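Visitor: Please take a close look at one part of this model, starting with a packing contact and then moving on to the strands and a loop.

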Amino acid sequence: MKQLTTLLFFFFLSFHLFAGKVDTITVFSNSMQKEIKCVVITPKKYKKSKERFPVVYLLHGYSGNYASWIKEAPQLVQKADELQMMIVCPDGGYYSWYFDSPVDPKMKYETFVSKELVSYIDSTYKTIADKKGRAITGLSMGGHGALYLAVRNKDVYAQAGSMAGGVDIRPFPDKWQIKQVLGAITTNKENWDNYAVITQVETLKNGELNLLIDCGLGDFFLEVNRNLHQKLMRLKIDHDYTERPGVHNGAYWGSAVDYHLLFFKKGLGKK
């Protein structure tokens with residue numbers, strides 16, 4: 001019992017000695033005229049360091065919020081320190097899908113994340129304020145959002161990923177309140193086509209983005225991820241694609257995020 005207590009003490013001590021710092025901030029969105037909360041994780045040495053740090057933007061899924069990632073993957077605090085990077089988790093709304101909605105002028109999450117938030121983070125923190133120092137990924141709705149935003153904002157991000165992402169929204173016309181953002185598919189088919197990742201990648205040229213896509217073998221998004229993988233291969237767009245055991249839940253993406261951060265770390269350049 002004494003040995004166990006000693007081991008737990010040293011585990012607790014080592015975690016806090018080598019863990020980053022978590023802050024919750026509010027960022028004003030001029031495009032939506034409201035304050036939006038975000039979690040910002042910085043490495044332990046951030047405050048005293050003269051270095052600038054790369055940033056990974058981490059998007060939550062449908063019905064989640066800014067705090068979802070830190071709850072489901074508490075190791076992010078330690079990962080930020082291990083990999084010497086910042087991690088920013090913005091609130092993307094309950095069902096925004098990270099779009100600038102064509103039917104709801106009050107919903108402009110593409111503008112917020114890729115312009116307003118990036119600008120705020122770069123002006124407030126010691127970041128590598130260049131696309132080479134930025135990556136974006138997310139889970140489910142956030143997986144779709146990360147790829148969608150990266151493809152449409154290639155001047156902002158160098159790398160993008162998706163974990164169990166809904167990378168083609170069209171097979172799910174009545175799910176997850178997507179029609180509240182794009183309109184009903186029966187009357188707004190063009191929106192659904194234009195706002196889907198699987199069609200947006202047609203604008204990509206090979207080498208413009210470093211891509212990582214994964215999905216669980218028991219996930220209901222597995223087929224659309226396989227379709228995206230096949231399409232990227234037809235387009236000759238280099239990318240990393242992985243299927244592994246798992247379903248659509250926190251256990252899957254709570255583990256997958258570690259691989260994404262390591263993948264991004266290898267490609268995030270320094271000035």
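Guide: Helix 3 (residues 76-83) packs against helix 10 (residues 250-267) at an angle of about 20 degrees, and their axes lie 11 Å apart. Helix 3 is therefore roughly parallel to helix 10 (angles under 35 degrees; over 145 is roughly antiparallel, 65 to 115 roughly perpendicular, the rest oblique). Axes are fitted to C-alpha atoms, for helices over the stretch in contact, and angles run from 0 to 180 degrees between N-to-C directions. Helices (H or I, at least four residues) and strands (E, at least two) are DSSP runs numbered from the N terminus.

This is a predicted model, in which local features need pLDDT of at least 70 and side-chain atom pairs count only at pLDDT 80 or more, whereas totals for chains, interfaces and linings use all residues. Residues are numbered from 1 along each chain as its sequence is written, and side-chain values use heavy atoms, without hydrogens and water.

On the side of helix 3, the contact (heavy atoms within 4.5 Å) is made by Leu76, Lys79 and Leu83. Helix 10 contributes Val257, Asp258, Leu261, Leu262 and Lys265. By class, the contact of helix 3 with helix 10 has 5 nonpolar residues, 3 charged and no polar ones.

Next, the strands. Strand 1 (residues 21-29) pairs with strand 2 (residues 34-42) in the antiparallel sense over 9 bridges (pairing takes at least two DSSP bridges). In this pair, Ile25 stands opposite Cys38 of strand 2. The two strands form a hairpin with 4 residues between them, and Gln33 in the turn has a positive phi of about 55 degrees.

Strand 5 (residues 134-138) and strand 6 pair in the parallel sense over 2 bridges, with Ala135 opposite Gln159 of strand 6. Of the 5 residues of strand 6 (residues 159-163), 5 are buried, so this strand is largely enclosed by the rest of the structure (buried is under 20% relative accessible area, exposed over 50%, partly exposed in between; 1.4 Å probe, protein chains only). Gln159, Gly161 and Met163 cover one side of strand 6, Ala160 and Ser162 the other, and all are buried.

The loop between strand 6 and helix 6 (178-182) holds Asp168. Asp168 is buried too, at a relative accessible area of 8%. Apart from neighbours within four places in sequence, Asp168 is in contact with His144, Ala196, Ile198 and Val224. The C-alpha atoms of Asp168 and Met233 are separated by 16 Å, with the two residues 65 residues apart along the chain.

Notes
Nonpolar A, V, L, I, M, F, W, Y, C, P; charged D, E, K, R; others polar.
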